[in-house]
Amino acid sequence: LPQHPHPRIAGVAPRIMHHFLYFDMGNVLLDFDHQLGCERVAALCDVSADRVREVIFDSGMEWKYERGDLTSEQFFDYFRGEIPNTPTLKVLLEAISDIFQSKPEVERLLDRLVKLGHSLGILSNTCEAHWNHVHPHRFPFLAERFKLHALSFELRAMKPETEIYERALR
């Protein structure tokens, strides 16, 4: 352990307190790019990425899906109603979900925190498709280091709503 930084306490290791820490997933644990998802879906459906963005984001459907107000099947039905040339549910969800990249420097930090005895959790606005894509197979560290997951689509609340934090605390 490092020496205590205060000179009068030289030679005494600092007292380590163990904490529970929540991390956000998007752009904290993993980088993501919604534009990439729009482009992938556009290529599959033979429409513009702007049209995909309108249907998913501008309409508010992404927010409803992340909040758990829509199931994956309901999201798909809505999307297919707007863009009839949509492939299967599985293909669509894969295309909108393959937007994440790892952040090795964050993984190293997490290793250090776990070694120090801290417990880690994920508190994130995310949808069922994104979560199923990244956890546990695509990014195994999410399953290995995080035992508690407070996810908007499961808790039926989103940051910054008070309810998600209250439910995450429970």
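Predicted model: local features only at pLDDT ≥ 70, side-chain atom pairs only at ≥ 80, totals over all residues.
1. **The cavity.** Let's begin inside the protein. The count gives one cavity of 30 Å³ or more, and the space in the largest cavity is about 120 Å³. Its lining is made by 13 residues, and the closest to the centre are H34, I56, F57, I96 and H130.

2. **What lines the cavity.** Which helices each supply at least two residues of this lining? They are α1 (34-45), α2 (49-58) and α3 (61-66). Sorted by class, the lining of the largest cavity has eight nonpolar residues, three polar ones and two charged ones.

3. **Helix α4 against helix α5.** Now look at α4 (residues 72-82) and α5 (residues 89-97), whose axes lie 10 Å apart and whose packing angle is about 95°. Angles of 65 to 115 degrees count as roughly perpendicular, so α4 is roughly perpendicular to α5. On the α4 side, the contact involves S72, E73, F75, F76 and F79, while α5 brings L89, L92, L93 and I96. By class, this contact of α4 with α5 is made up of seven nonpolar residues, one polar and one charged.

4. **Helix α5 against helix α7.** Helix α5 also meets α7 (residues 128-138): their axes come within 9 Å and cross at roughly 75°. That angle makes α5 and α7 roughly perpendicular to each other, too. Here L93, E94, I96 and S97 of α5 touch A129, H130 and H133 of α7.

5. How many salt bridges does the model contain? The count comes to eleven. One of them joins the side chains of D24 and K159, with 3.0 Å from N to O. D24 sits in the loop between β1 (20-23) and β2 (30-32), and K159 in the loop between α9 (152-155) and α10 (162-169). The two residues are 135 residues apart, so this pair links distant parts of the chain.

Technical notes:
Residues numbered from 1 in each chain as written. Heavy atoms only, no water. 1 Å grid on protein atoms, 1.4 Å probe; cavity = no way out; pocket = protein on both sides within 12 Å on 5 of 7 lines; lining within 4 Å. Points joined across faces, edges and corners; volume = space filled by probe spheres on them. Helix = DSSP H or I, 4+ residues; strand = E, 2+ residues; numbered from the N terminus. Nonpolar A, V, L, I, M, F, W, Y, C, P; charged D, E, K, R; others polar. Axes fitted to C-alpha atoms, helices over the stretch in contact; angles between N-to-C directions. Parallel < 35°, antiparallel > 145°, perpendicular 65-115°, else oblique. Contact = heavy atoms within 4.5 Å. Salt bridge = Lys/Arg side-chain N within 4 Å of Asp/Glu carboxyl O.
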